[in-house]
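Please keep the sequence and the 3D view at hand while reading.

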4 protein chains.
Amino acid sequence: MIRFNCDYAEGAHENILKLIMETNMEQTPGYGEDHYSEQAREMIRELCKNQEAEVQFFVGGTQTNLTVIAAALRAHQCVIAADSGHINVHETGAIEACGHKVWAIPGADGKLTAKQIWDAWESHAVNESYEHMVQPKMVYISNPTEVGTIYSKNELEEISKTCKECGMYLFLDGARLAYGLTSKENDLDLETIAQCCDVFSIGGTKTGALFGEAAVIINDILKEDFRYIMKQKGAMLAKGRLLGIQFIGLFKNDLYFQLGDHANQMAQKLKKAFQKAGCSFLVDSSTNQQFPILSDQILKELGKDYSYCYQERIDEEHSAVRFCTSWATKEEDVDQLIEDFEKIWEKCKSADKR
Amino acid sequence: MIRFNCDYAEGAHENILKLIMETNMEQTPGYGEDHYSEQAREMIRELCKNQEAEVQFFVGGTQTNLTVIAAALRAHQCVIAADSGHINVHETGAIEACGHKVWAIPGADGKLTAKQIWDAWESHAVNESYEHMVQPKMVYISNPTEVGTIYSKNELEEISKTCKECGMYLFLDGARLAYGLTSKENDLDLETIAQCCDVFSIGGTKTGALFGEAAVIINDILKEDFRYIMKQKGAMLAKGRLLGIQFIGLFKNDLYFQLGDHANQMAQKLKKAFQKAGCSFLVDSSTNQQFPILSDQILKELGKDYSYCYQERIDEEHSAVRFCTSWATKEEDVDQLIEDFEKIWEKCKSADKR
Amino acid sequence: MIRFNCDYAEGAHENILKLIMETNMEQTPGYGEDHYSEQAREMIRELCKNQEAEVQFFVGGTQTNLTVIAAALRAHQCVIAADSGHINVHETGAIEACGHKVWAIPGADGKLTAKQIWDAWESHAVNESYEHMVQPKMVYISNPTEVGTIYSKNELEEISKTCKECGMYLFLDGARLAYGLTSKENDLDLETIAQCCDVFSIGGTKTGALFGEAAVIINDILKEDFRYIMKQKGAMLAKGRLLGIQFIGLFKNDLYFQLGDHANQMAQKLKKAFQKAGCSFLVDSSTNQQFPILSDQILKELGKDYSYCYQERIDEEHSAVRFCTSWATKEEDVDQLIEDFEKIWEKCKSADKR
Amino acid sequence: MIRFNCDYAEGAHENILKLIMETNMEQTPGYGEDHYSEQAREMIRELCKNQEAEVQFFVGGTQTNLTVIAAALRAHQCVIAADSGHINVHETGAIEACGHKVWAIPGADGKLTAKQIWDAWESHAVNESYEHMVQPKMVYISNPTEVGTIYSKNELEEISKTCKECGMYLFLDGARLAYGLTSKENDLDLETIAQCCDVFSIGGTKTGALFGEAAVIINDILKEDFRYIMKQKGAMLAKGRLLGIQFIGLFKNDLYFQLGDHANQMAQKLKKAFQKAGCSFLVDSSTNQQFPILSDQILKELGKDYSYCYQERIDEEHSAVRFCTSWATKEEDVDQLIEDFEKIWEKCKSADKR
């Protein structure tokens, strides 16, 4: 069984493991107050070209999201998200458990537009019963989104402008940011993201770290007492240096971006093979997640040797599924998958009506 | 200005005030442990033909909803509701503030169907990532709904059956129950509701009481320690007898149903006048809330002497608004409104393109 | 059975009921946006000599406390209270249910001192692990306290000064404020309280209203979006005018203070009778709650005709209990109680060792 | 600077790092559903001699505690703990943030007794106002406690018996369990703990793992839907196998107990040196944490080369501090510390009045 179901099936890139080994018996302060964490923070500030950014490290994405949102909102405030947003669907109500509604808005291809955000905000602002409704105070977007799409520089700037006009914080979830920033269609960079967002995360777990997400806080208001909330949410790692060390490894010699690029190349190779066969896609993704629509028969055959992730039913005979590549994907595995797929496709051609 | 914007613009029915006056200087225990509350509970049990029902009284509807839901759900569980449901829209995130997601499902005419409920539940049950998603454990419906529609006996029984099959509690919000049970189209009664629901409320605030909602708990599991949660949520009235006394007043000689019937008659009179003029409606309501679609010009004219509630924009020139009648609506006020409406309609006819 | 167990055994003062009757069929806007509520707000602002104060009305005390605290604190902040404080003991964890720790400090006679507050704050401020501990941000005091004691002007000013130095909000729970302000030992007034506190409440439920607490918000920061939180907590009464009307009744012609004075006089009469017999007290109270220490035998006898509230066991044969007077206490009932007490005391004298 | 301030200053034991390296590129399912986690669960079940125990792995202790408690309690229920308990002091209100009061009881030497637990429970059970108070439903104890003391078998069995009689869950926080189980004074083992507790944790972070706590759930009620709550609290590690692998490493060939024993021996060596000099202790600890009371002058001198943790002021010239040894403590460092301490002590002797 070769796994394409997710991008966290392996451990960590060897550079990162090496750093962990080398520093293992050094004594350091705990809870992220060590010099490695500080060095990693400095590297991230450099990349963001923002010397005032506060950087805090987390073990996982749900933890990052819930801590950032709990730290930012008062009791009556909500966060706007695309309905496919991770916080709306796949965090078992973590945000609501902190007391806040996720205001889910139907998102085209997993994305929100500046206009949707404005309309949502305005619908609350002009409503006579506004006190009877949750107050939108934060916008959550994922880049890449949960379906692999990415925001353009122009889109992000428009969203940022709208958020500022509405007095709402903009939070970008970058759990797969490496794959977004190295997409061929991408025109964003960390500097622009830091200019547009009040807070955003840089994911390590899915790009070569054992685990690790960096929350980068730009807006001064959001910095206040942030670490208290981290501790309260169980998000302050005792041996916090493990996070610092891993991010040092990721950003040393641009490893992070190389790993992102590799996964994207593998995904595009796979995408082309699916396209060549004439198969359609749930969305058009330029990143490491691909969502081909395949007949149930083909999926059954493929499933014998390859794991993928079920996404949604399209019609009685077809489903969209997710194939993920990652920093760790071997090209030989992709080639094997393509070869097997083409055989199965040929075999099933007559049966496949789509 | 004559108010048709809501059904709680006046105080209480005279019978109720009289009872409050008569009992005023009597000393009783507090927090709903007095003999008046007990007597009211007994009356409600009789009406529901369920001697085991636990009845607890609340001051307001949001309080009732959030207490019932907080008492019923564990941290990871959510409540399914129509997207127009009061808990989803007009309680400032009260349910989320208790830690629970409201899973909003697009509802036709404010209602949910048994099939929608089943599909929602099943989509969770069969999902591989079910642990990463909130677990549906309660279904919330309003009867009448927020747009005045009602459930038929058959619909409620189907929903109840589905909930039982899925292991979910059924909670019916009866803030306007009087107006539902006395609608000409209604075939439900309290006995059936008590058979179908795990818990439901009977609203007094909008039907002749100064304030007061009765929560009727049928399912034994939901009874356990319920009053602790009431107290925690600030929902235990010190002079609890005020609630008992008012419900005695409401159910004595069927006053509750007479008041409901009166409001419905007034609403139907109004509805017919709107229909006669050729105006269309947002939904077809047989209860005390009517949602005519009128031109902005007509609304402006009408707004000079009558208050109504803005509902939603229909097109560039028309909006749907809500006219409410209530137990206290005077027929002469309705007649005056109709007369004025007809004049304005006539005047605006040429301008009104709809 | 004559009830001395609490100060909310009856309904409302006749003046208040009269006002409710007279205004009953008037149509007003809901949720506290009516002219009666506005008039009551104005009266309270006058009494507090603070035209900028925001006044919001609540049905009950727990509701008031939890809403004020939930509106004031961020997720990691706590409220300091005496261990006997109502929020610490008798609100079923309402504050914790909003996510905040109550930092309980042993209070002499139910009170906190400025020094205790400073010490608590400093112990956090200087702690190396401060981020691992809740951050004190509000101080909650009751006046009168839960055991009937009151703060002097000097004490309150010291506490206020300390809170300002520590950057903490001061919240005074005035559920029984009438009885405090009319105590013979009192030197506080509403103006001073408004100068010292960031927010405080004026209780109506226990002083002649059917129900009602007024939250007076002095600090501008605490005013922001306060009504959203009220709605979320189920604390916005639909027919909000009922609260405004009652506070008009309470403050018209100083009724509120007359009612407080009456209860205190009745309590002092009772206190003197207990003292005369040689009985000691749990605390020395100058307000409407008295806590005599009596033998179990005497309590048993007294309990046949009078209800009191059990407070705590003192030794194997004695307990402290609470006798409450109120605005509604009849002098003849107090006289009867004294007469019966003296007879029982005499009878039990030989058995009573204390 | 040699660190004795905590027991998590280094990385992981070499055996554990080796296992992480060896398995690094293997593809496994995420979220703890891999075969390594399963194997570690099996090892723990064996050690506990309980084949029905559910074992779930967490990254950190606060996360473990808050998830276990949030999963166990309903909204109105609280957890009883010693006032020195980690959940009461050093988790930034994590339990309250989940909505639950921590009922803190003064604990002798960090411990609770069966009698204290019974008394607390009974004080609630017999209280007339029980519904106005939080309901005790869980007892939290730490073993070793936060001040290094341990429960005897007899004490734990008494506590367990009391909890069962009161219908309360018993939760033992074993963040430092290795150091407890290998103390010379210990007569507990995992089997007994599993018999006595409804749920308990086995800490890895402080005993040789990079991170990791195992929650062992014995009571079937607490098993239901536990993983949903883990995910909601951000406590489900994507590459969950990292936890399984580390616990395999810890329990293979009894490494866990050897590491515990080593730390305890180092601590006893240090303890004896302090004792020999005539210094007294805050508590008498047989585990890896020692709390000598030293003069500020000595502490200042020692602090130049050794880090320790400040505990509390004893008098104007003395403080209690914490020295921690761990699995990683080198004997040569302990010897050096003792040597330096003895020199400083000698030097300060005349100045030290205690």
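## A sheet and its helices in chain B

In this predicted model, helix H7 of chain B, made of residues 153-166, lies across E5 and strand E6 (169-173) of chain B, and runs at about 145° to E6(B). The sheet of chain B is an open one, in which seven strands follow the order E2-E8-E7-E6-E5-E3-E4 with mixed pairing. At its edges stand strand E2 (54-58) and strand E4 (102-105) of chain B, and each has a single partner strand, so one side of each is left without a neighbour in the sheet. From one strand to the next, the twist averages 25°.

Within this sheet, strand E3 (residues 77-82) of chain B and strand E5 (residues 135-142) of chain B run parallel and are joined by five bridges. A residue pair to look for here is B:Ile80, which stands opposite B:Val139 in E5(B). Helix H6 (residues 114-125) of chain B also packs on the sheet, where it touches E3, E4 and E5 of chain B, and its direction makes about 165° with that of E5(B).

## The sheet in chain D

Chain D has an open sheet of seven strands in the order E2-E8-E7-E6-E5-E3-E4, again with mixed pairing. Strand E2 (54-58) and strand E4 (102-105) of chain D are the edge strands, as each pairs on one side only, and the twist from one strand to the next averages 25°. Strand E5 (residues 135-142) and strand E6 (residues 169-173) of chain D pair in the parallel sense over five bridges, and D:Ser142 has D:Asp173 in E6(D) as its bridge partner.

Two helices of chain D that pack on the sheet can be described by the strands they touch. H3(D) touches E2, strand E3 (77-82), E5, E6, strand E7 (199-203) and strand E8 (213-217) of chain D, and its direction makes about 20° with that of E8(D). Helix H7 (residues 153-166) of chain D touches E5 and E6 of chain D, with a direction at about 145° to that of E6(D).

## Chain A as a whole

How many helices and strands does chain A have? Its secondary structure comes to 15 helices and 13 strands. The radius of gyration of chain A is 21 Å, close to the 20 Å that the globule rule gives for 354 residues, so chain A is as compact as a globular protein of that length. Taken along the principal axes, the box filled by the C-alpha atoms of chain A is roughly 60 × 60 × 35 Å. Of the 354 residues of this chain, 59% count as buried, and among the contacts with a separation of 6 or more, 75% are between residues 24 or more positions apart.

## How chain D meets chains A and B

Chain D can be laid on chain A, with an RMSD of 0.0 Å, by a turn of 180° and a shift of 0.0 Å along the axis. The two copies are thus related as by a two-fold rotation axis. A rotation of 180° with 0.0 Å of shift along its axis likewise superposes chain D on chain B, with an RMSD of 0.0 Å, and D:Arg74 is the residue of chain D that comes closest to this rotation axis, at 3.4 Å (C-alpha). The same surface serves both of these copies, since 93% of the contact residues of chain D recur in chain B. For chains D and A, 100% of the interface residues of chain D are also interface residues in chain A, so the copies meet through the same surface.

|---|---|---|
| Chain D with chain A | 40 residues | 40 residues |

## One residue in chain C

C:Glu342 is found in helix H15 (residues 331-348) of chain C. This residue is partly exposed, with 14 other C-beta atoms within 10 Å. Leaving aside residues up to four places away in sequence, C:Glu342 touches C:Ala273 and C:Ala277. C:Glu342 and C:Lys271 are 71 residues apart in sequence and, C-alpha to C-alpha, 13 Å apart in space.

Notes
Residues are numbered from 1 along each chain as its sequence is written. Chains are lettered from A and ligands numbered from 1 in the order in which they are written. This is a predicted model: local features need pLDDT of at least 70, side-chain atom pairs count only at pLDDT 80 or more; totals for chains, interfaces and linings use all residues. Copies are superposed by least squares on the C-alpha atoms of residues with pLDDT of at least 70 in both. Two residues are in contact if their C-beta atoms, placed from the backbone, lie within 7 Å. Helices (H or I, at least four residues) and strands (E, at least two) are DSSP runs, numbered from the N terminus. The radius of gyration is taken over C-alpha atoms; the globule rule is 2.2 Å times the number of residues to the power 0.38. A residue is buried if 20 or more other C-beta atoms lie within 10 Å of its own, exposed if 12 or fewer, and partly exposed in between; C-beta atoms are placed from the backbone. Two strands pair if DSSP finds at least two bridges between them. Axes are lines fitted to C-alpha atoms, for helices over the stretch in contact, and angles run from 0 to 180 degrees between N-to-C directions.
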